[in-house]
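Subject: Handing over a structure

Hi,

Have a look at it here, and then read on.

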Amino acid sequence: MSAMVPIEHSLILAFLLFFIGAAGVLIRRNLITVLMSIELMLNSANLLFVAASRQVGNVEGQVMMSFVILIAACEAAIGLAMVIAIFRRYGNIKTEFLRALRG
Amino acid sequence: MIWMVLLFPLLGALLNGFLLPRRSKLLSHGVAVAAVAGAFACACCVFLEFFATRHSHLYFGFNWLQAGKFTAPFELVVDQLSGLMILIITGIGTLIHIYAGGYMKEEVTTYRFFAYLNLFVFMMLLLVLGNNLLVMFVGWEGVGLCSYLLIGYWFQEEANAKAGMKAFLVNRIGDIGFLIGIFLTYKHFGTVSFSELSSWMNLMPTLAEPYPKALFWITLSFFIGACGKSAQLPLYVWLPDAMAGPTPVSALIHAATMVTAGIFMMTRLSFFFYAAPDTMLIVACVGALTALFAATIALVQTDIKKVLAYSTVSQLGYMVLACGVGAFDAGVFHLLTHACFKALLFLGAGSVIFAMHHEQDMRRMGGLRKHLPITHGVMLVGVLAIIGVPGFSGFFSKDEILWKAFIFPTYGPILWGIGFLAAGCTAFYMVRLLCLTFYGTPYQDKSAHHHHHPHETPWYMWGPLVVLALLSIGVGYLGVPDFLAHLVGGHNLFAHYLEGLIYIPASAQGAWGHLHAEHAHELEWGLMLSSVALVTLAAGTAVFCYTNRPVRGVASFLGGHFPRLHQLLLDKYRVDECYQRKIVTPLAEISTFLWQVVDVRVINGCVNWVGYLLMGTSGIASFRMTGSLHRYGFWVLAGTVCVLIISCF
Amino acid sequence: MVEVWFFYFFAAIAVVASLGVILLRNPVAAAMLLVVTLCALAAEYVLLGAEFSAAIQVLVYAGAIVILFTFVIMMLNLGQEEVGQLAGFSKWALLLFMLGGAGVILIQRLSMGALPPGVPGGAASDNTYEVGMALFTKYLWPFELASLLILLALIASVVIARKPTFPSRDA
């Protein structure tokens, strides 16, 4: 435990994960994959919390990380329920069917 | 105590309207009578208290309206006029309430009737007690509302609902005049309080411009208001139709109290009217013409209530004539006597209608004297009072008015002549009513499918009639004209009583000198005797014409030889039709035009076209709103990045 | 130094696997690669001295949430996502904005200079104990509220996902 990974490296990894997740949200047309991409973005935030916790030497970052996991679980549950509801209604889960916001 | 006078009827109205169980007619009736009787008792106390000192007293309630310098406190005044009025309203109101219990016995929703009736009494009391124009206006509108509600009491029949609507709308025309009068008063005098206006007018020795002109318009506006309420030409048309309401309502509202509001208001503002001689001439002419006009219509009407309604219009014309010639005391005195005998006549007619099972056509009556002895007796007293037989109250009050009209310097004898003719007509049609109803042979119903034996009404219906009959004889002696009173060493008690209230402002003394000038008593005697002679002649003619069936002699002669005149009178000079053709129909057409073309096409069209235009242009602008979630997400991301970039620098 | 190399190793696995998550058209494969990503991140947590976080990452994320995804994928019997043009924006614009964001963050990072070194020995020997103490003392109320939130989410997901008992609006 002596040699520490510089926090910058953790930040770069978190940054990469976040943008990969964001790109996934934007380019995929399958709602399930979109949700998984959102999970990736949440994980990038988790990584930041844990790295910061390590950096400042207390556990509060890890406490926050556990709350984020909890919220991720809620989000996944409701999101998947909505996916099912959408599937019931449209017969598939392609995002191009969700056009109620059209002006 | 003064507040109790107001509180009792309001409480009665609320109890009957909202709180009490509605099924018990006895309870509704009892509460209503108790409320008005309580108010009467309190009014007596208030009046006696006032009478002991003869000083008008203000009762401040609370600060009602205040805006800048304008204040309108809720303030009541008890003086000669309002003290007398509250006695009339609550006293006659009590008698009519008692009577109404019997008349409305067969109704289902008596609680509604008595709630309206009590509310009416409350509003009328507010009208007469208010010490400023605004409080008076509240009462003024309130009695209009109650009148509408009560005329349309049997609203299941469309004609009744329409009559209520007509009364309301015609009254509104007058109300606009009243409102404009209030506005002008405030504009020129800065106050709407009677006591302040009165002292202002009293202290001004002369009136410089712009006051004389302003006063002309103010008084004219108020007079238009009075025309609406007191059913003068040309706004009288609602009153005959108002007979659609139950008869006690006709007695209370359309004979004894509400229609006198115009007279009351003009008397209240007598200091204004004295200072505007031009208006006074208009007032006098309108009053005289109304008296004759309505009396001629009443000559040929066959509906017993219609005859009484036109006679009310005619008598109100006399009162307005009295105001117009400056004899406000005579006008108020006639108001008092008329309240008694007209309430009596209406209630008597109500008893006849009640006994005849809601038959109102006089041609189907006759010979009722045997069946309705008490009603006949009191009706006889009422008729003698209204036609002015010496010794009865109408004689004193009407002759006083005619005398004051005669000495009016401008067109005085002409005004007197019109009033004189109207008195003759009055005698004729009232005796005709009496003959057709009570004398002669009973009407034989050919179809005879409902042959009911007419019967005398119960005691609580004829009781009030007897009281009113005594009053119809008695109150006349309060106002015996001076020249008669001097014979027994007295003077005109009533005029003396009102002296403190009705005064001619200093600025207008010159125009009204004749009121106090000495006149030859021979002239007065002569006029009085001539009107007695005319009344006797007209009454005799009526008796001769109508006592026996079939109708013969002069009436049929006139009807046969002047069919067009007869028809014109029967059609009430076709005023309603004329209004319909000249005012209502064009108004309806203009309104339809405004609705169909201006509103629908132009205004709605403009609004819609603005909408369409916006929808079109925004359609152009919203072509990027495809509803694609990806695109939205992308722009969220792009925006975030942009914010980040900006935050770096 | 070996921990550093392990860090880069797992970081590489996480990036490659997450790229697979967003690029593969088969949802089952994507879900499996998501598990790989999450596990790699759990390994990073261990390396950062957060054993408790690593444990719940594996248990809750990889174990529960991804299983939920898999269930839904199987229940809906989703096949390959067909190739199609994404309406709305060009991929080049997306790339441009991503690179722009990355560049900005890097510039910002560089302009701040080096961060102070971490607290040595910050990772306590008994990480789970400390997290537990924090959760049940200082963060007790948020923790209880979080349990309420998860109950609400449970009810909400049941309500949303159940078969509609009313006729669909435009069905």
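A quick definition before the findings: the axis of a helix is a line fitted to its C-alpha atoms over the stretch in contact, and the angle between two axes runs from 0 to 180 degrees between N-to-C directions. Please keep in mind that this is a predicted model.

Let me begin with chain B as a whole. It holds 26 helices and 2 strands. Of its 649 residues, 50% count as buried. If you take the contacts in chain B between residues at least 6 apart in sequence, 80% of them join residues at least 24 apart.

Now for one helix pair in chain B. How do helix 2 and helix 3 of chain B cross? Helix 2 covers residues 25-53 and helix 3 covers residues 80-103; their axes come within 9 Å and cross at roughly 160°. Angles over 145 degrees count as roughly antiparallel, so helix 2 of chain B is roughly antiparallel to helix 3 of chain B. The crossing of these two helices is left-handed.

Helix 2 of chain B brings residues including B:His29, B:Val36, B:Phe40 and B:Phe47 to the contact, while helix 3 of chain B brings, among them, B:Gly83, B:Leu87, B:His97 and B:Ile98. By class, the residues of this contact are 13 nonpolar, 8 polar and no charged.

Finally, the two chains also meet. Their contact takes 11 residues from chain A and 11 residues from chain B. On the side of chain A that touches chain B there are 6 nonpolar, 2 polar and 3 charged residues.

Best wishes

How values were computed:
Residues are numbered from 1 along each chain as its sequence is written. Chains are lettered from A and ligands numbered from 1 in the order in which they are written. This is a predicted model: local features need pLDDT of at least 70, side-chain atom pairs count only at pLDDT 80 or more; totals for chains, interfaces and linings use all residues. Helices (H or I, at least four residues) and strands (E, at least two) are DSSP runs, numbered from the N terminus. Angles under 35 degrees count as roughly parallel, over 145 as roughly antiparallel, 65 to 115 as roughly perpendicular and the rest as oblique. A crossing is left-handed if the near helix is turned anticlockwise from the far one by less than a right angle, and right-handed if clockwise. Two residues are in contact if their C-beta atoms, placed from the backbone, lie within 7 Å. Ala, Val, Leu, Ile, Met, Phe, Trp, Tyr, Cys and Pro count as nonpolar, Asp, Glu, Lys and Arg as charged, and the others, Gly among them, as polar. A residue is buried if 20 or more other C-beta atoms lie within 10 Å of its own, exposed if 12 or fewer, and partly exposed in between; C-beta atoms are placed from the backbone.
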